[in-house]
Every structure is written in C-alpha cells, then in structure tokens.
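Take a moment to look over the model below.

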Amino acid sequence: MAGDASYSIYLSHPFAIGAVTQAVLLFGMEGIIHPWLIFLTIVAVSLIGGVIAYYILEKPLLSFTKGFIKK
C-alpha cells in the first residue's frame, strides 16, 4: 500500500511538515514536546496524508487517464 502511494507521500510530505509545525507553534508546545515526538508525528501525518491522497486523487486520476488513453 505505501509503495503504491509513494509518489503521493512524496508530494504531500511538505504539507504535513508545515501543518505539524504550525500546530506545535500555535499551541505553544515547542519547548514541551520532545523533538523526536514531533518528528514521528510528521512521519505519521505524512504517511496517512499521502495514502489518503493516493486513494482520493491519484488512483482515480490514473484510472481515468488510462481509460482516456485507450480510447
């Protein structure tokens, strides 16, 4: 599953980095939470977001373009 979604994960990971960073700063947790926990949260959000983007965007677009090209 993650292999199929690797390109979506690659494209969405900067958004995950920004979102988690903004959340940490917004809630004033930068001195409270250990940096490794922030890193692991970014990795988890990147993977989840990338897989969701794969199933919602990339997979339907790929099937649409395959059908379009065959015609």
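Start with Tyr-55. This is a predicted model, and in it Tyr-55 has 42% relative accessibility, so the residue counts as partly exposed.

Now step to Tyr-54. Is this residue buried or exposed? Tyr-54 has 9% relative accessibility, so it counts as buried.

The rings of these two residues also meet. A pair of aromatic rings is described by the distance of the centres and the angle of the planes. A search of the whole structure finds three aromatic pairs. One of them joins Tyr-54 and Tyr-55. Their centres are 5.0 Å apart, with 75° between the planes. That arrangement is edge-to-face, because the angle is over 60 degrees.

With Ile-48, Ile-52, Ile-56, Leu-57 and Leu-61, Tyr-55 makes a nonpolar surface patch of about 620 Å². Look at Ile-52 in that patch. Its relative accessible area is 45%, so Ile-52 is partly exposed. Ile-52 sits in helix H2, which covers residues 35–70.

Step back to the whole chain. How many helices and strands does the protein chain have? There are two helices and zero strands. The C-alpha atoms fill a box of roughly 55 × 20 × 15 Å along the principal axes. The radius of gyration is 16 Å, while a compact globule of 71 residues would have one near 11 Å. Of the 71 residues, 21% count as buried. The accessible surface comes to about 5500 Å², and 76% of that belongs to carbon and sulfur atoms.

Technical notes:
Residues numbered from 1 in each chain as written. Predicted model: local features only at pLDDT ≥ 70, side-chain atom pairs only at ≥ 80, totals over all residues. Heavy atoms only, no water. Patch = residues over 30% accessible without salt bridge, like charges linked within 9 Å, V, L, I, M, F, W, Y side chains within 5 Å. Areas by Shrake-Rupley, 256 points an atom, 1.4 Å probe, with all protein chains shown as cover. Salt bridge = Lys/Arg side-chain N within 4 Å of Asp/Glu carboxyl O. Helix = DSSP H or I, 4+ residues; strand = E, 2+ residues; numbered from the N terminus. Buried < 20%, exposed > 50% of the residue type's maximum accessible area, 1.4 Å probe, protein only. Rg over C-alpha atoms; globule rule 2.2 N^0.38 Å. Phe/Tyr/Trp six-rings, centres within 6.5 Å; stacked < 30°, edge-to-face > 60°.
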